[in-house]
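Reader: I would like to learn how to read a few features of a model. Could you walk me through them, starting with the core?

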Amino acid sequence: MRRPPAYARGLLDNDLGHLLRAVRLYEDCPRSLACASALEGAGRKSAATRRFAAVPHLDAALALCTEADAERDLARARRRLHALGVRRRTTPAGNASGRAELTRSEAGVVRLVAEAPANRQVAERLSLSPHTVSSHPRRAFAKRDVISRADLTRSAADGEHGK
């Protein structure tokens with residue numbers, strides 16, 4: 001049985017055996033989100049009978065979703081873990097140097113923060129609230145391990161500001 005039929009059969013029959021077979025078949029597949037779906041299905045079914053047997057499957061799905069930057073799938077996997085009483089804090093994928101990448105929005109705000117002295121000016125320019133503009137640099141500080149706007153500005157000027 002190939003990957004999609006094994007996964008579909010597992011979902012239709014609500015059969016853990018087929019879902020686990022699908023997980024094994026998807027392990028070396030380049031389609032990581034398909035593998036994450038199979039893992040999530042196996043985790044969902046496992047949770048119905050052996051609650052914590054589901055955690056490794058859901059953790060693996062969470063990791064694949066994080067790596068693929070699949071926010072909705074990531075949120076769903078996190079909710080399933082949360083329903084089991086498991087809290088996982090995910091961190092954004094790093095770049096080649098192992099540092100977390102900034103989101104496009106964070107990178108845009110960081111670029112403008114380098115040009116404009118006040119959050120209000122940046123907010124007006126981007127049609128965002130000043131609160132949103134102030135939160136992006138704070139997250140960027142943590143991701144870049146810097147403590148000042150000047151350091152963040154240097155980081156952006158060096159081309160390390162995100163994807």
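Author: Happy to, bearing in mind that this is a predicted model. In soluble globular proteins, nonpolar side chains tend to be buried together. Here the largest nonpolar core has 25 residues, and those that touch the most other members are Tyr7, Ala22, Tyr26, Ala38, Leu39, Leu81 and Leu84.

Reader: Which elements give two or more residues to this core?

Author: Helices H1 (3-13), H2 (16-26), H3 (32-49), H4 (54-68) and H5 (71-83) do. H4 supplies the largest share, seven residues.

Reader: What does leucine 84 touch, not counting residues up to four places away in sequence?

Author: With those neighbors left out, leucine 84 touches Ala47, Arg51, Phe52, Ala54, Val55 and Leu58. There is also a second, separate core of seven residues, and Leu102, Val110, Ala140 and Phe141 are among them.

Reader: Let's turn to the cysteines. How many disulfides does the structure hold?

Author: The general idea first: a disulfide is a covalent bond between the sulfur atoms of two cysteines. This structure holds zero disulfides. For cysteine 29, the nearest cysteine sulfur belongs to cysteine 35 and is 7.5 Å away. Cysteine 35, in turn, has the sulfur of cysteine 29 as its nearest, and cysteine 35 is in no disulfide either.

Reader: Is cysteine 29 buried or exposed? And cysteine 35, buried or exposed?

Author: Buried means under 20% relative accessible area. Cysteine 29 is buried at 13%, and cysteine 35 is buried at 7%.

Reader: Now a helix pair. At roughly what angle do the axes of H6 and H7 cross?

Author: The axes of H6 (residues 104-115) and H7 (residues 119-126) cross at roughly 130 degrees and come within 9 Å. Because of that angle, H6 counts as oblique to H7. The crossing of H6 past H7 is right-handed.

Reader: Which residues make the contact?

Author: From H6 they are Val109, Leu112, Val113 and Glu115, and from H7 they are Val122, Arg125 and Leu126.

Note on methods: Residues are numbered from 1 along each chain as its sequence is written. This is a predicted model: local features need pLDDT of at least 70, side-chain atom pairs count only at pLDDT 80 or more; totals for chains, interfaces and linings use all residues. Side-chain values use heavy atoms; hydrogens and water are left out. A disulfide is a pair of cysteine sulfur atoms within 2.5 Å. Buried means under 20% relative accessible area, exposed over 50%, partly exposed in between (1.4 Å probe, protein chains only). A nonpolar core is a set of buried Ala, Val, Leu, Ile, Met, Phe, Trp, Tyr and Cys residues joined through side-chain atoms within 4.5 Å. Helices (H or I, at least four residues) and strands (E, at least two) are DSSP runs, numbered from the N terminus. Contact means heavy atoms within 4.5 Å. Axes are lines fitted to C-alpha atoms, for helices over the stretch in contact, and angles run from 0 to 180 degrees between N-to-C directions. Angles under 35 degrees count as roughly parallel, over 145 as roughly antiparallel, 65 to 115 as roughly perpendicular and the rest as oblique. A crossing is left-handed if the near helix is turned anticlockwise from the far one by less than a right angle, and right-handed if clockwise.
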